[in-house]
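Biologist: I'd like to learn how to read salt bridges in a model. Could you show me the structure and walk me through some?

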Amino acid sequence: MTNQVVKVEKRINAEPIRLFRAWLKAEEFSNWFLPGNSIGIESALLDPRPGGKFKINMLHEGKVLPHEGEYQIIEEPKKLVFTWRSHATGDLDTLVTVTFDRLEEGSSNSNKKPQTLITLTHERLIGEDAITSHKAGWTHIIDSLERWQAEKE
């Protein structure tokens, strides 16, 4: 049983601060944090401060799947680090780091929209099932963030 790591990256047309804050405001978070087509959010309670806890109740086929954790680092607008525990981690604490890097614009065109590279790294996963499910889930979540951001423009 070795420590496995999942890494997901995506470029999104938005300022880092906009995407960063979407992770910390419960009313926005519940609208975009979707780990799969058949999974929704029943509720999300967030206490976004170092040492603050969160609880996300995902809903899948009528069953509530709780996900919990604690914020370790909040460096607006660059970095979030939090623990992550659920049935899919064997109810063990794992570690998630999300960074938001503003990408330099390629030209001086004032119409060009800012871009952010989001990099999500999930550490301390054990087993192939955990790796596979979290890779798919985080990829879908980041894609959902991109769609939600595009709708807000």
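Modeller: Gladly! Keep in mind that this is a predicted model.

Biologist: Which side chain meets Asp143 in a salt bridge?

Modeller: The general idea is that side chains of opposite charge can pair when their charged atoms come close. Here, Asp143 pairs with Lys10, with 3.2 Å from N to O. This bridge links distant parts of the chain: Lys10 sits in strand S1 and Asp143 in helix H3, 133 residues apart. Lys10 is partly exposed too, at 22% relative accessibility.

Biologist: And where do Lys78 and Asp101 lie in the chain?

Modeller: Those two side chains form a salt bridge at 3.1 Å, N to O. Lys78 is in the loop between strand S4 and strand S5, while Asp101 belongs to strand S6, 23 residues apart. Lys78 has a relative accessibility of 41%, so it counts as partly exposed; Asp101, with 29%, is also partly exposed.

Biologist: What about Asp93 and Arg85: how far is it from N to O?

Modeller: Their salt bridge spans 2.5 Å. Asp93 is partly exposed at 39% relative accessible area, and Arg85 is partly exposed at 27%. Bridges can also share partners: Lys55, Glu68, Arg85 and Asp93 are joined into one network that way.

Biologist: How many salt bridges does the count come to?

Modeller: Twelve salt bridges, with a side-chain nitrogen of Lys or Arg within 4 Å of a carboxyl oxygen of Asp or Glu as the cut-off.

Key
Residues are numbered from 1 along each chain as its sequence is written. This is a predicted model: local features need pLDDT of at least 70, side-chain atom pairs count only at pLDDT 80 or more; totals for chains, interfaces and linings use all residues. Side-chain values use heavy atoms; hydrogens and water are left out. Helices (H or I, at least four residues) and strands (E, at least two) are DSSP runs, numbered from the N terminus. Buried means under 20% relative accessible area, exposed over 50%, partly exposed in between (1.4 Å probe, protein chains only).
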